[in-house]
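Please read the following walk through one protein chain with the coordinates open beside the text. The account goes from the overall fold to a few single residues.

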Amino acid sequence: MIEQQATVVEVDDDTVMLQAARQSTCSSCQLKQGCGTGLLAKHVGQRFSKIVVNKTTDVEIGQQRTVVIPEQTLLQGAALMYLLPLGLLILFSMVARILALGDGFEIILGLVGLLSGFLWVKQRLKNKKDGFQARILEE
């Protein structure tokens with residue numbers, strides 16, 4: 001399980017909104033002074049992510065809670081979000097190449113494949129929301 005400490009910022013009847021500080025690996029990196037990402041992080045300051053989870057236990061605003069998500073779920077979600085649209089981009093472009101439709105159509109069909117992949121992922125995540133959702137760890 002991947003765990004993250006978060007603060008409860010809003011509570012509804014069936015959902016809880018938590019705010020978690022985004023963590024960076026810059027402090028453990030050898031290039032602390034020469035890295036653009038590290039310098040940008042110092043000037044921008046700490047950023048927060050808002051996470052909405054189903055309410056499974058009583059919580060109060062301001063409480064620190066641990067939010068968890070299984071590693072397998074995170075890997076499946078990442079593969080779905082990145083690999084499927086790219087795979088469809090390549091597949092649609094290859095079909096245009098096999099049919100000898102020309103470079104313009106290869107680009108257009110590749111973009112159609114990419115966009116259809118993103119739309120399919122969006123629809124799937126909307127329908128299977130609970131499978132990819134984080135939860136509050138019971139203490």
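The paragraphs below take the fold, the surface, and then some individual residues.

The model is predicted, so local features need pLDDT of at least 70 and side-chain atom pairs count only at pLDDT 80 or more, while totals for chains, interfaces and linings use all residues. Residues are numbered from 1 along each chain as its sequence is written, and side-chain values use heavy atoms, with hydrogens and water left out.

The protein has 3 helices and 5 strands. Helices (H or I, at least four residues) and strands (E, at least two) are DSSP runs, numbered from the N terminus. In sequence order the pattern reads β-β-α-β-β-α-α-β. Contact means heavy atoms within 4.5 Å. Of the contacts between residues at least 6 apart in sequence, 76% join residues at least 24 apart.

The accessible surface comes to about 10,100 Å², and carbon and sulfur atoms hold 60% of it. These areas come from the Shrake-Rupley method with a 1.4 Å probe; for residues, only the protein chains shown count as cover. Buried residues account for 20% of the 139 residues, where buried means under 20% relative accessible area, exposed over 50%, and partly exposed in between (1.4 Å probe, protein chains only).

Strand β1 (residues 2-11) contains Glu10. With a relative accessible area of 37%, Glu10 is partly exposed. Together with Asp12, Asp13 and Asp14, Glu10 forms a negative surface patch. Such a patch joins like charges within 9 Å, using residues with over 30% relative accessible area and no salt bridge. Asp and Glu count as negative, and the charge is placed at CG of Asp or CD of Glu.

Strand β2 (residues 15-21) holds Gln19, which is partly exposed at 24% relative accessible area. Beyond its neighbours within four places in sequence, Gln19 is in contact with Ala6, Thr7, Val9, Phe48, Ser49 and Lys50. The C-alpha atoms of Gln19 and Arg65 are separated by 10.0 Å, and these residues lie 46 apart along the chain.

Which residue forms a salt bridge with Glu106? The partner is Arg97, and the closest N and O atoms are 2.8 Å apart. A salt bridge is a side-chain nitrogen of Lys or Arg within 4 Å of a carboxyl oxygen of Asp or Glu. Side chains of opposite charge can pair when their charged atoms come close. Glu106 is buried, with a relative accessible area of 14%, whereas Arg97 is exposed at 54%. Glu106 sits in helix α3 (residues 103-127). Leaving aside neighbours within four places in sequence, Glu106 is in contact with Ser93, Ala96 and Arg97. The whole structure contains 1 salt bridge.

Conventions
Patches are made of residues with over 30% relative accessible area and no salt bridge: like charges are joined within 9 Å, nonpolar side chains (Val, Leu, Ile, Met, Phe, Trp, Tyr) within 5 Å.
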